[in-house]
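Subject: The structure I promised you

Hi,

Here is the structure for you to open and turn around on your screen. Have a look first, then read on for what turned up in it.

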2 protein chains.
Amino acid sequence: MKSHVSALFTDLYELTMIQGYYEYDNNPEVVFDMFFRRQPFGGGFSIFAGLDDLLDQLEDLRFQADEIDYLRSLGIFKESFLEYLETFRFTGNIYAMAEGSVVFPGEPLIRVHGSLIEAQLIEGLLLNTINFQTLIATKSARVYVASNEGKVMEFGLRRAQGGDGAMSASRAAYIGGASATSNTLAGKRYGIPVRGTMAHSWIMAFSSEKESFEKYADLYPDTTVLLIDTYSTLTTGLEAAIEVGQRLKAKGKQIGVRLDSGDLEYLSKQVRHRLDEAGLTDATITASNELNEQIIHQLITNGSPIDSWGVGTSMVTGGDAASLTGVYKLASKTENGTAVATVKVSNQPAKTTNPGTKQVYRFRDANGTPLADLVALA
Amino acid sequence: MKSHVSALFTDLYELTMIQGYYEYDNNPEVVFDMFFRRQPFGGGFSIFAGLDDLLDQLEDLRFQADEIDYLRSLGIFKESFLEYLETFRFTGNIYAMAEGSVVFPGEPLIRVHGSLIEAQLIEGLLLNTINFQTLIATKSARVYVASNEGKVMEFGLRRAQGGDGAMSASRAAYIGGASATSNTLAGKRYGIPVRGTMAHSWIMAFSSEKESFEKYADLYPDTTVLLIDTYSTLTTGLEAAIEVGQRLKAKGKQIGVRLDSGDLEYLSKQVRHRLDEAGLTDATITASNELNEQIIHQLITNGSPIDSWGVGTSMVTGGDAASLTGVYKLASKTENGTAVATVKVSNQPAKTTNPGTKQVYRFRDANGTPLADLVALA
């Protein structure tokens, strides 16, 4: 996000290395590949995301005077190099997948063509942005698929990893298949539809559950979704919701109810039955409470009549796969005017890189359905 | 982080609820508790962190004109309420643990005393800040303990969840026991020592591994840590490092080497043996590569002669526990001038709250060692 743009948002070793490249006048044109080594979540695909945010940041990347002063204070940088940083701008070229593309391990998601110094400096920023947003877009797509392409809302702000852990997660979740976010600032910044219901504290702030529901329905007759599990879901909560629902129905409106605890399969079936009995066949059921794609798949398989899904923690953090293993590796450098492929080898075969400047070709059948990707020298 | 301060960084339902409180003139003095329900990482303690960042943000919290315009565009807020938001400031009182405290489930880490409207609005911001930084400070403390209170460096910028996923993780990791970060901006902003070595691309940018090491040692003779696994750790990498190390030693300097792949126990023992044989007994060994507290504990238990640890992904994301389950619950509200305890009950016993305004007392023995915590009505 723009607010974070700072050329100091980089690992110290990038700065010590580029001082070396500057000092030794070793600044050839190079190509770096960004790719990842294995699919997250034990899945079969990932969804590429984060590119627009990355490009925004690269356009604005520069060292401010106080940042140069900070580097000076470390005692490891020469004045000539600090002066060079004052005018530093990123001028390289970026070749990348389109955001929202299905992507696979080992294929370059981004190729950076530029001078060694500029391409090296941006490593951390690039990986930070792409690794996280690709992780979350992938998680969101998995949840969306599990919901039978249903109505998934991203509710993760409070459990996200920091401020733009939340902000860029909202953005990436939307790319992956979520249809709305609870995060109001993400709604404004990225144009994502914003949605919400009520917290338990709303109910507790009134003298009775029923009063709290009535007051809410009076104020928001077109978007009334009542949280019915504050005291007792199937007795006081559901009964009060039905009363309010019938009153709204008489005015041509409909309600929704939300379940945020307990056995969602049992409760949703009971609630559906009682709502229908009460004539509220158009009332919707929203479920939340530590949902993920496995739980949603199970609930749907077992016939739970849930209309929309609020997914928080696992959607915005990845849950038990909290990172994408994306890396950024030197693929080629120019020597005496000729591009020379470079390689890193390793006793861990997965850590050996594919040398040279590469292009990904996606083959499709006559209907446009993808068949296979081919990674070849460009 | 300051750059994120926006009163719109809140779930939409907080805004629809506080419009209701405003409309119905239901804005009593209240107390909210922030607490968490279970220890992360299957551990026995957590380390409280995030408070200073939270307080910074609360001080600056306000709605900007363009943010009010955005809310107006949603068509669910009345002009009178939007005008009220224009002058909104947080004026409540915060009672909290000290950052760095050892904390346990069920005890209030923060008590917010304020009007219902202001206390409700900040729920997301408070949970976002405290949940994440407490998670990471806890992870860092676990890694620090596993390293026998050794030298742990946080190397996570590239795998962190967004920009301040990285920034606030660096801060929290330092609170938890890390002694340095690779993140230069975090070094500047929070006064954390910054450290780094070199990337594989440094080695690949020169005509030979040995040349790259020599050039680095010439430039940074006092902080030379050579990454020896780019081509072959125990042959070319170690041999070149030993040559450079002996040359530096003749000038009264010492080197370090870094291992970033392979069997760290085997390699570190071999490397130690060969360094010592070469007279480089003061050369240090740094290890990295998807480390966490379990791996570090195992390496130390098996006698791996590793001097410092670069911990990235799991340190800054929590790894397989990517979130702290902190919640924010209404504990008390004032009715007719009297504080009335409030409670949420649930079929899930863990989700039932403890009513009333509470204080945590920590009992210590004569040496100051903590014995037990008592949560009592304040």
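A quick definition to start with: helices (H or I, at least four residues) and strands (E, at least two) are DSSP runs, numbered from the N terminus. Before the findings, please note that this is a predicted model, where local features need pLDDT of at least 70 and side-chain atom pairs count only at pLDDT 80 or more, while totals for chains, interfaces and linings use all residues. Residues are numbered from 1 along each chain as its sequence is written, chains are lettered from A and ligands numbered from 1 in the order in which they are written, and side-chain values use heavy atoms, with hydrogens and water left out.

Find helix H12 (residues 264-277) of chain A, which holds both Glu265(A) and Lys269(A). These two sit 4 residues apart, about one turn of the helix. Their side chains meet in a salt bridge, at 3.1 Å from N to O. By salt bridge I mean a side-chain nitrogen of Lys or Arg within 4 Å of a carboxyl oxygen of Asp or Glu. Over all chains, the structure holds 56 salt bridges.

**The sheets**

In chain A, 6 strands make an open sheet in the order S7-S6-S11-S10-S9-S8, with parallel pairing. Two strands pair if DSSP finds at least two bridges between them. Strand S7 (180-181) and strand S8 (225-227) of chain A stand at the edges with a single partner strand each, so one side of each has no neighbour in the sheet. S8(A) pairs in the parallel sense with strand S9 (residues 256-259) of chain A over 3 bridges.

Glu154(B) stands opposite Val311(B) in S11(B).

**Two domains in chain A**

Chain A is divided into domain 1 (2-135 + 324-377) and domain 2 (136-317); such bounds come from an automatic or database domain assignment. The contact (heavy atoms within 4.5 Å) takes 17 residues from domain 1 of chain A and 17 residues from domain 2 of chain A. The C-alpha centres of the two domains of chain A lie 39 Å apart.

How much area is buried between domain 1 of chain A and domain 2 of chain A? About 1300 Å², of which carbon and sulfur atoms give 58%. Buried area is the accessible area (1.4 Å probe) that two parts lose on being put together, summed over both. On the domain 1 side of chain A, Phe41(A), Phe132(A) and Gln133(A) supply 41% of the area buried against domain 2, more than any other three residues.

There are 3 salt bridges between domain 1 and domain 2 of chain A. Separately, you can look up the salt bridge of Arg171(A) with Asp52(A), where the closest N and O atoms are 4.0 Å apart.

**Where the chains meet**

The contact between the chains takes 107 residues from chain B and 107 residues from chain A. About 8500 Å² is buried between chain B and chain A, with carbon and sulfur atoms giving 56% of that. In chain B, the residues that lose the most area to chain A are Tyr24(B), Arg158(B) and Gln161(B), together 10% of what that side buries.

Across this interface of chain B and chain A there are 12 salt bridges. Arg38(A) also forms a salt bridge with Glu290(B), with the closest N and O atoms 3.5 Å apart. Helix H1 (residues 12-23) of chain B gives the largest share of the side that touches chain A, with 10 residues.

Last stop: Asn289(B), in the loop between strand S10 (284-287) and helix H13 (293-301) of chain B. Leaving out residues up to four places away in sequence, Asn289(B) touches residues including Gln348(A), Lys351(A) and Asp260(B). The side chains of Asn289(B) and Lys351(A) are joined by a polar contact of 3.1 Å. A polar contact is a pair of N or O atoms within 3.5 Å; within protein, one must be able to donate a hydrogen and the other to accept it, and residues adjacent in sequence count only if both atoms are side-chain atoms.

Cheers
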